[in-house]
Amino acid sequence: MKKTVVLGASDNPARYAYKAIHRLKQHGHEVVPVGIKKASVEGLPIITDKTQTIDGVDTVTLYVGPQNQPVWYDYIIGLKPKRIIFNPGTENHELEKLAEDNGIETLHHCTLVMLASSTY
């Protein structure tokens with residue numbers, strides 16, 4: 001299964017990041033929630049320290065708006081994921097170019113839809 005970093009993780013069940021964490025776990029994926037608020041989701045602590053390394057990341061799925069992404073650029077690229085999913089509302093040409101320059105695939109899609117349609 002694909003180790004997935006959910007960037008913008010939230011412990012609020014109404015947030016799409018929360019729903020994505022839940023569904024990813026349901027589908028058997030290893031999930032690493034990353035965000036700005038210390039909390040836990042589905043029994044997993046939300047990582048708030050940008051210096052914490054995470055090995056073997058397949059996917060970073062974004063739930064952070066483009067205006068708040070620049071402080072995460074180095075962290076995201078440093079994870080060396082195979083791909084970044086830009087969920088609706090997170091599209092960012094600058095980060096997409098940076099990812100592509102580093103050999104990281106980018107997708108404009110919805111993680112929840114991908115999971116539901118078995119295209120994740």
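The model is predicted: local features need pLDDT of at least 70, side-chain atom pairs count only at pLDDT 80 or more, and totals for chains, interfaces and linings use all residues. Residues are numbered from 1 along each chain as its sequence is written, and side-chain values use heavy atoms, without hydrogens and water.

I noted that arginine 83 lies over the face of tyrosine 120, at 4.5 Å from the ring centre.

I searched the whole structure for aromatic pairs and found 1. Tryptophan 72 and tyrosine 75 form this pair, with 5.8 Å centre to centre and 70° between the planes. The arrangement is edge-to-face (ring centres of Phe, Tyr or the six-membered ring of Trp within 6.5 Å, planes over 60 degrees apart). Tryptophan 72 is buried, at 5% relative accessible area (buried means under 20%, 1.4 Å probe, protein chains only). Tyrosine 75 is also buried, at 8%.

I then turned to tyrosine 63, which is buried at 15% relative accessibility. Beyond its neighbours within four places in sequence, I listed its contacts, among them Val6, Tyr16 and Thr111 (heavy atoms within 4.5 Å).

Definitions and conventions. Buried means under 20% relative accessible area, exposed over 50%, partly exposed in between (1.4 Å probe, protein chains only). Rings of Phe, Tyr and Trp (its six-membered ring) pair if their centres lie within 6.5 Å; planes under 30 degrees apart count as stacked, over 60 as edge-to-face and the rest as tilted. A charge sits over a ring if NZ of Lys or CZ of Arg is within 6 Å of the ring centre and within 35 degrees of the ring normal.
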